[in-house]
Amino acid sequence: MVLSGAGMSTAAGIPDFRSPGGLYGTAEQLLGRFTYLGGEAAAARQKAALGRDIKSALTLELFRENPLPYHEMRRGLILGIGAGQWKCSLGHVLPGILAANGKLRMLASQNIDGLDHKVVAEKSKLYNPHGLMSTLVSEPLEHQRRGQADITLCTDPRGPIYRRYVELVKASIKDIYHDRPLRQGRSSHLWPGPGESTPITLAMFGDLLPAKFHRALDTEARLQQYSVKPGSVMFDRPLWSTTADGKPYNVFADMAHADAIFVMGTSLSGLTIDHVAHEAREDQPRVVFDITSSPAESIEKYGEWRATDCLLRGPIDKSTLDVLDRMGWLMQLLHDDYLRHLCLNSLRELRDFVDMHADDAVRAQVGIVDVYLEEEQRRERHFYQNE
């Protein structure tokens with residue numbers, strides 16, 4: 001079983017939220033740029049809530065009243081996902097190769113960007129407890145419990161409903177990070193924002209809105225509240241409880257059947273899903289991939305670090321290559337199924353590794369990697385220019 005976190009996606013160039021200098025910390029410095037709705041008292045209350053905890057923008061309680069801080073904070077992520085701006089790191093690819101070799105029980109990914117879905121073909125082996133930005137939902141506005149399937153507008157970011165949503169975000173949501181570096185939250189130069197933000201409603205989807213959401217559309221209008229957003233889980237909403245193919249799933253019951261736990265790119269900072277690592281049995285070794293020792297320290301804090309556990313400290317891409325090489329799976333990586341999904345930094349890392357490899361058959365693949373490397377350099381210039 002693989003438990004993955006933000007360190008996988010930051011390696012792919014996606015802005016982080018929780019780390020120093022991440023989007024949460026940056027947004028705290030931009031309180032005056034968020035849009036507040038309602039009268040003077042309502043606007044003051046919303047601003048005070050964000051001032052106490054910037055993550056209030058990611059609660060359904062505030063979103064129902066004012067969806068704009070949520071959308072302003074995540075504009076760049078929404079538009080980037082819609083345009084396929086980001087590609088996978090080598091760490092993302094490892095669970096896919098484990099699955100191809102019959103070794104993956106489940107990938108429990110904390111990440112909401114959906115990159116895992118590009119390289120793990122079996123959707124029954126994908127679990128996203130914190131939801132996905134690449135899906136679109138209408139959060140329930142009335143006090144009734146509704147299942148994930150009942151609130152999901154679409155699951156394909158290439159489909160017409162999500163494309164319509166992306167166009168609405170481009171036209172309706174201002175870029176509060178406009179003067180920041182591209183990789184620190186600013187939307188690409190390709191998508192300049194309007195001067196002011198306007199809330200996005202279900203009514204804006206017109207004929208694209210599925211019939212089963214007409215009641216939710218009426219509820220939005222009647223209550224003067226908002227519901228439409230990406231499917232990432234709000235802080236005051238329950239975690240997803242299904243795998244990517246829609247089947248009910250309990251990760252804590254399933255982990256009992258795993259032979260080992262891989263912890264990749266998550267500091268185990270106190271989230272519910274962290275118990276996958278903390279509750280491993282003595283006969284379930286934990287292999288930690290991280291650039292710091294924080295996950296190992298967390299495991300020790302909440303239990304014990306055992307002789308059977310292993311910390312692969314360093315860049316996750318480097319550790320992934322070492323593991324694939326020693327397993328005899330490196331040549332599997334050098335295939336279009338994986339190379340076409342790799343980001344620029346990972347392709348550079350792979351190119352250097354292949355070039356220095358002792359095996360002539362592996363070194364002979366340098367030219368193939370170079371082709372993908374050159375193409376990815378051109379693609380990134382499209383999004384980032386020379387930044």
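Reader: Which residues lie nearest the centre of the second largest pocket, and how many residues line it?

Author: In this predicted model, the lining of the second largest pocket consists of 33 residues, and H117, L132, S134, T155 and P157 are the ones nearest its centre. The volume of this pocket is about 770 Å³. Elements that give two or more residues to its lining are α5, β3 (126–127) and α7 (148–151). The largest share, three residues, is from α5.

Reader: What makes up the lining of the second largest pocket by class?

Author: There are 15 polar, 11 nonpolar and seven charged residues in that lining.

Reader: Why does A171 count as exposed?

Author: A171 has a relative accessibility of 56%. Exposed means over 50%, so A171 with its 56% counts as exposed. This residue is part of helix α8 (residues 160–172). The C-alpha atom of A171 is 9.7 Å from that of E196, 25 residues apart from it along the chain.

Reader: Why does H357 count as buried?

Author: The relative accessibility of H357 is 14%. The cut-off for buried is under 20%, so H357 at 14% counts as buried. H357 is located in the loop between α16 and α17. Leaving aside residues up to four places away in sequence, H357 touches D325, L330, V362 and R363.

Reader: How do you know that the reach of helix α16 is close to the expected one?

Author: Helix α16 (residues 344–355) has 12 residues. The expected span takes 1.5 Å times one less than the number of residues, and for α16 the expected value is 16 Å. From first C-alpha to last, α16 reaches 16 Å, so the reach is close to what is expected.

Reader: Which residues of α16 are buried, and what do they pack against?

Author: The buried ones are L344, S346, L347, L350, F353 and V354. They pack against α6 (90–100), α13 (316–327), α14 (330–333), α15 (336–339), α17 (360–363) and α18 (366–384). In an α-helix there are 3.6 residues a turn, so residues three or four places apart point the same way.

Reader: Which members of the largest nonpolar core touch the most other members?

Author: They are L136, F205, L333 and L350, in a core of 88 residues. Helix α5 (residues 68–82) gives the most to this core, seven residues. Another core, of 18 residues, lies apart from it and includes A108, V251, V263 and A280.

Reader: What does L333 touch?

Author: Not counting residues up to four places away in sequence, L333 touches L90, V93, I97, L321, L324, Y338, L339 and L350.

Conventions: Residues are numbered from 1 along each chain as its sequence is written. This is a predicted model: local features need pLDDT of at least 70, side-chain atom pairs count only at pLDDT 80 or more; totals for chains, interfaces and linings use all residues. Side-chain values use heavy atoms; hydrogens and water are left out. Helices (H or I, at least four residues) and strands (E, at least two) are DSSP runs, numbered from the N terminus. Buried means under 20% relative accessible area, exposed over 50%, partly exposed in between (1.4 Å probe, protein chains only). Contact means heavy atoms within 4.5 Å. A nonpolar core is a set of buried Ala, Val, Leu, Ile, Met, Phe, Trp, Tyr and Cys residues joined through side-chain atoms within 4.5 Å. On a 1 Å grid over the protein atoms alone, a cavity is a set of points where a 1.4 Å probe fits but cannot get out, and a pocket is an open set with protein on both sides within 12 Å along at least five of seven lines; lining residues have an atom within 4 Å of a point. Grid points are joined across faces, edges and corners, and a volume is the space filled by probe spheres set on the points. Ala, Val, Leu, Ile, Met, Phe, Trp, Tyr, Cys and Pro count as nonpolar, Asp, Glu, Lys and Arg as charged, and the others, Gly among them, as polar.
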